[in-house]
Structure formats: structure tokens, C-alpha cells
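Here is a note to read alongside the model. Please keep the sequence open while going through the points.

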Protein chains: 2
Amino acid sequence: MEPIKPYKKSFEYSYTLGAFPTFEMLKCHPELVKGVYVHTSFTDTDGLIKLCSEHKIPILTNDKLFNKISDKENCFVIGVFDKYECTLEQNRSHIVLVNPSNMGNVGTIIRTAVGLGIYDIAFITPCADLFNPKTIRSSMGALFRLRHQHFSSFEEYQKNYQNHDVFTFMLNGSNTLEIQNCPKTDLFSLVFGNEATGLDDSFLNVGTSICIPQSPDVDSLNVTIAVGIGTFIFTHQTR
Amino acid sequence: MEPIKPYKKSFEYSYTLGAFPTFEMLKCHPELVKGVYVHTSFTDTDGLIKLCSEHKIPILTNDKLFNKISDKENCFVIGVFDKYECTLEQNRSHIVLVNPSNMGNVGTIIRTAVGLGIYDIAFITPCADLFNPKTIRSSMGALFRLRHQHFSSFEEYQKNYQNHDVFTFMLNGSNTLEIQNCPKTDLFSLVFGNEATGLDDSFLNVGTSICIPQSPDVDSLNVTIAVGIGTFIFTHQTR
């Protein structure tokens, strides 16, 4: 394995920081794991050793590495893995994130989506780096449960997935999201915009635009919260 | 006004960093504002000057201060204000946060609550500092729209607010939250636990315990997302 350096977006590999995301990676994508570093002060190693030896993944020690790679003090396990890209499922509902810029938000959205049963997210570039260790940490390792695919535009996404009913979440959306009136559909794409700018008005004409009702006392809901509410309502529609 | 130092929790005053939260503070609590610093490179000053002069609040210049107080580069306005405590409304529904530890989460929850029409949050100590500039920033200034009150225990909160129907959000809650079966109540307290530990099992016997259904592929939803989903459903119950 090559020498370990602080993460850069241009790398073809990345890191999981902490035991929890490292386990998630080992369970979901063992074939991509190049090695797992365990700090000598970490004692709960039985499960890790078992999983790694099953998949012939080297367990390594290098305590100095931890300060170099992680900015948190409570990190005792680091996994090294090759980055990968997926293809979304044609027959499953999707979330589409248009130009999300904050890694913490992207990680939280991934964790939320997987928690609510959506395993496919399309990312319209430019967007935050999915494989940055910060994104992975804020996803709590749920990144490894997810199918994720990048597209250079929403049109390119739609060309590939033509059977989905599209719902765009916008402050000026034409339809107010209410529990009683959530559109009933089995195959949907829920589209959310950038944290600062939202979706531009061209998205008013793409599918059905939806506004989550909110008080005039805030500028808007945080995008992670909008995704949580929208996804919960759509995945729990009454029939 | 005393000399400006980097924020500490022990201070009796705090800062708003950025124009948006500073405006929110000036609109909601002008009587508490001691002064507003405006960076000389900031040009959109008309609204600020008008609001400050209406309330006889000094506008100050000290460009060096900005690096000292703010760790973000795009901060051009800093407000200085006296901290305050509120009393929750007896006749409005509440959110209760038990020992929240992360300032970003607390700020996001405040923004979400106010956005969804809940203006009263009880905080059970120990908890993250509401007045830390980071909390205020992640609330996008919604802190100033909120009534917030601290209690040393949940029992102390309940002693003061006895008419609320209490719902505790727990992974092992007895009732699954669904759109169709959300309890119908006009005066409720939604109770959420600490980020890492949730609510302990003693809360199973306090009011009605509720679990937000989630896939086995995540450890749990982020507490901010749980608050967003729970609050949206309770404030939009079908009748």
C-alpha cells in the first residue's frame, strides 16, 4: 500500500475515520478495502480482526498516522479504500441533489435517505466530495449502503431515468406539501437544490413543484431537514 | 462598551456573526443590542443604519476585530448583545431537548422549530450553549424568534407545564409514527434526547413513547432530522 497522506479530492482512495464507518465499509464493500489501521490503544478489536481476515484485508499499526489523517481525538480506527461509482436502480425511487456544497449536509442527507429506505441518490455536479472523510463520517458510514451516481446536469439524469415522477422542492413551488394531499406514486425522484440558492426557477417546469409550508419567521428550512420531511412523507403516503 | 474578546460561555454578552442573524436580533430584541460593528468593505448598510438609529444603537468600525471574533471569512457585520432568558408559553406546544451537546444541531433544531411554527423550546441541562455565536449562526438568527428556558431536569420542566401531552421520541418507543396514526392533540411537548445516547429508558414511562420507523441499515436518524419529521407530522395532523 502506498504511503498515507492527508486526504485530497484528487486521490483514487479515501479513508473511513472511526470504527463505525469502517465496519460499515467492511460489511458492504470488503473488496474495495486496502487496509485497516488500528490504534494500539484500541482494545475492541475482535470483530475487526475477524472481518478483515475473512476478506484477507491487512490490519496495520501506525499510531502517528492518526494525528496526520484525523482532526478528531476520538478516532482509533482508519480504513483505506478505493473510491467507486455506482449506477442507480431503474425501479427504485431516487433523491436528486442539485449542486449540494456542504459535506456535512451531504453526509446527513445520505444517512437520512438510507434510514428512510431510499438507497439511490443522484448528484448533479458541481457538488461536495462524497468520498471526503468528513462526508463519510457525517453519513455514519451510510454512504456504503447507498447507490450514488454523478451527472453533469439534471437533463442528463432524466435522460437515464425516464420513468420516475419528478417532484422539485422549491420555496415558490406550486403545491403545498400536506400530509393529506401528498401525491401517490410508486416511483419518484425528489429533487432538492443547493443550500444557499435552492433550485432555480427553471425547475418549476420540471415535474411537480412542491413547497414545504413554513413560517415567515425563517428564511427557509435547512436542506437536510427539507429532505427528511419530504422523504418521510413520500415514503409513508397513505393509500 | 467594554473591549471585545473572543466569546466565552461565561460572558454575559454574546455576538451575532453576519448580517442576517444581526438583522434578526435587531428586529426581535433591539433593547438588548449594545452595538453593531460594520466592516469598512461592507456596502449594503442602509437598512442597518436605519434600524440602529431608530433604537439609538451605536454603529462601530474596527476591521481588526473581525478576524479576532469570527473564524469565517465572509463575516462583515458583528452585533453585540446582552444574553437573556425567557419563559415558555403555557398555551403553546413545546419541543423539549434533553442534554443536546452539539451547537450546530441545537441551532438547526431552533431554525427548524421556528420554521414549523413551534416558538417554545425547553432545554434540559447540561446542554450546548444557546448563545455561542456558532449556535446562533446555525440557527440563522431564529434564536431571537424563540422562547427558550433551561431546566435542571425533565421533572422540573413538567412541574411547570402540566397541561401538555408528552411524546418521547425513542428508538425503542412503543408507538410507530405513521402519517395515519399520529396522535391528535392541541397542546403537546415533543421530547428528544442527546445525539449519542438518545433518551434513557425512564422516558418510556413518561407520556407516550414514539419511534420514527427507519431501516436497519442505519444506527439511527440524526436528532435534527428526527425533530424535523416529528414536528412536521405533529403540526400537520389530519383531523
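1. By what turn and what shift along the axis can chain B be laid on chain A? A turn of 180° and a shift of 0.0 Å along the axis do it, with an RMSD of 0.0 Å; copies are superposed by least squares on the C-alpha atoms of residues with pLDDT of at least 70 in both. The two copies are thus related as by a two-fold rotation axis.

2. On conventions: this is a predicted model, in which local features need pLDDT of at least 70, side-chain atom pairs count only at pLDDT 80 or more, and totals for chains, interfaces and linings use all residues. Residues are numbered from 1 along each chain as its sequence is written, chains are lettered from A and ligands numbered from 1 in the order in which they are written, and side-chain values use heavy atoms, with hydrogens and water left out.

3. Of the interface residues of chain B, 100% are also interface residues in chain A, so the copies meet through the same surface.

4. Chain A has an open sheet of four strands in the order β1-β4-β2-β3, with mixed pairing. Strands are DSSP runs (E, at least two residues) and helices likewise (H or I, at least four), numbered from the N terminus; two strands pair if DSSP finds at least two bridges between them. At the edges are β1 (13-17) and β3 (59-60) of chain A, each pairing on one side only.

5. Five bridges join β1(A) to β4 (residues 77-82) of chain A in the antiparallel sense. Within this pair, Tyr15(A) is opposite Val80(A) of β4(A). Helix α1 (residues 19-28) of chain A packs on the sheet and touches β1, β2 (33-38) and β4 of chain A, where contact means heavy atoms within 4.5 Å. The direction of α1(A) makes about 35° with that of β4(A); axes are lines fitted to C-alpha atoms, for helices over the stretch in contact, and angles run from 0 to 180 degrees between N-to-C directions.

6. Which strands stand at the edges of the seven-stranded sheet of chain A? The order is β7-β6-β5-β10-β8-β11-β9 (chain A), and the pairing is parallel. The edges are β7 and β9 (175-176) of chain A, each with a single partner strand, so one side of each is left without a neighbour in the sheet.

7. Inside that sheet, β8 (residues 165-169) and β10 (residues 188-192) of chain A pair in the parallel sense over four bridges. Asp165(A) has Phe188(A) in β10(A) as its bridge partner. Helix α4(A) packs on the sheet, touching β5 (94-98) and β6 of chain A, at about 155° to β6(A). Helix α7(A) lies across β5, β8, β10 and β11 (208-211) of chain A, at about 165° to β10(A).

8. Helices α4 (residues 103-115) and α7 (residues 223-235) of chain A pack at about 10°, with axes 9 Å apart. They are therefore roughly parallel to each other (angles under 35 degrees). Among the residues making the contact are Ile109(A) of α4(A) and Val227(A) of α7(A).

9. The whole structure has 14 salt bridges over all chains (a side-chain nitrogen of Lys or Arg within 4 Å of a carboxyl oxygen of Asp or Glu). One joins Arg147(A) and Asp120(A), at 2.7 Å from N to O. Arg147(A) lies in β7 (residues 147-151) and Asp120(A) in β6 (residues 120-124) of chain A, so the pair ties together parts that are 27 residues apart in sequence.

Technical notes: Angles under 35 degrees count as roughly parallel, over 145 as roughly antiparallel, 65 to 115 as roughly perpendicular and the rest as oblique.
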